[in-house]
Amino acid sequence: MIKPRFFIPGPTSVPEAVAFAAARQPLHHRGEEFAAMFLRVQSMLRDVFCTRQPVVTLASSGTGAAEAVMTNLFSPGDRGIYINNGRFAARWGDMMRSFGMNAIEIPVEWGSAVDPARVEEALIRYPDARCVWAVHSETSTGVRADIQSIAAITQQSQALLCVDAVTSLAAEECRTDDWGLDVVISASQKALMSPPGLSFIAMSERARQAAQQARIPHYYFDLIREQERIEEGTTRWTPPVTLIAALESALQMITEEGLEHTWQRHTRMALALRSGLQALRLMPFGSPPSNAVTVAHLPATGRSFRTLLRKKYRVTVASGQDDLKDKVFRISHMGYCDEGDILALLSAIERALRDTGITVTPGSSLYAAQEQLCT
Ligand SMILES: *Cc1c(COP(=O)(O)O)cnc(C)c1O
């Protein structure tokens, strides 16, 4: 028997308690029991987002939350800036265009993070820009953006900073209120270690104001009306009650660990994994590296290496995307992942490399990872 282990960037593995919570009988979404649960979830969500504002919960994946933000806060013809350093970043530019917005790209080479000075330059050149879209942890390249510095710049302008924190929330330090982030979106199936199907949006007062003038049509996703229902302990439409029950269980685990410890665990796993991969000469791609997803160059055997890992060692990692398809592989270590999982992963990688004829000293990556973990 070999235990299957998943290191793909969503849906991530869920703890057993989370899976059991989702298996319960669905609660009546206008009943007292659901309302009490929804409010407990709301309070824990605010803590994880580091905000005192309400956190809207939608029945959609992360992309649905981004669409809700576009349609609720902006108008056709509005200028919007997007920092394009990966596949998810590019999606937000496409989305702006599809709603008739005037999307301005800040192109950034895949594997790099934007220099915040370029955001400042773009805002000087386009002072009428209404938003800046940034991805905190870019899942296609494994690169983390300096959101705090970008926010210090957007705060001086009229542009709202919209942050895709889908893979960073609960994996990386992300402080919505203290850093002055106007919009933060996330989803259930990444570091929140819950099944897919829920997305979340936190908004600043500036963002709420912008909603008053927005003219892109929308109906199902109405952020202000959703915010109004939160106090009553419910959502406007029938929510996926079983997913909210699962999320409650996951958020309780994060609360028990303590959010800062959760961030630290992700940092430690990322450091240990990178040390281990470097010992195997599988060099990390991109910098500064995300603590949620590690992207590394594939060995010479290329794509078949991933297949071997999956078939023989039952370890599933993700492929590269677009131009990186045959160059890198991607390892998610967000959510329900611990130091022991990283060691099991490195052990499988070492053995798969040896299977393909690459000379590896057994235990070399484990030694390097342990050295990190022992500090
Ligand atoms: C997974 C992910 C998303 C959202 O994708 P969905 O499939 O719509 O949930 C958005 N941004 C990043 C960076 C992601 O990794």
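I looked up K190 first: one of its polar side-chain atoms lies 2.8 Å from an oxygen atom of the ligand, a polar contact being a pair of N or O atoms within 3.5 Å. I note that the protein covers 87% of the 380 Å² of accessible area that the ligand has on its own (Shrake-Rupley method, 1.4 Å probe).

The model is predicted: local features need pLDDT of at least 70, side-chain atom pairs count only at pLDDT 80 or more, and totals for chains, interfaces and linings use all residues. Residues are numbered from 1 along each chain as its sequence is written, and side-chain values use heavy atoms, without hydrogens and water.

I then checked D164, where a polar side-chain atom is 2.6 Å from a nitrogen atom of the ligand. At G62 I found a polar backbone atom 2.9 Å from a ligand oxygen atom.

Of its 14 residues, S61, T63, T139, D164 and K190 come nearest. I sorted the shell into four nonpolar, seven polar and three charged residues, with Gly counted as polar. Helix α4 (87–98) and helix α3 (62–73) each supply at least two shell residues; α4 gives the most, with three. Helices here are DSSP runs (H or I) of at least four residues, numbered from the N terminus.

Last, I looked at aromatic pairs (ring centres within 6.5 Å; stacked if the planes are under 30 degrees apart) and found six. Y220 and W237 are stacked, 5.8 Å centre to centre with 10° between the planes. Y220 lies in the loop between α8 (205–213) and α9 (223–230) and W237 in the loop between α9 and α10 (241–257), so this pair ties together parts 17 residues apart in sequence.

Conventions:
Near = heavy atom within 4 Å. Polar contact = N/O pair within 3.5 Å; in protein donor to acceptor, adjacent residues only side chain to side chain. Phe/Tyr/Trp six-rings, centres within 6.5 Å; stacked < 30°, edge-to-face > 60°.
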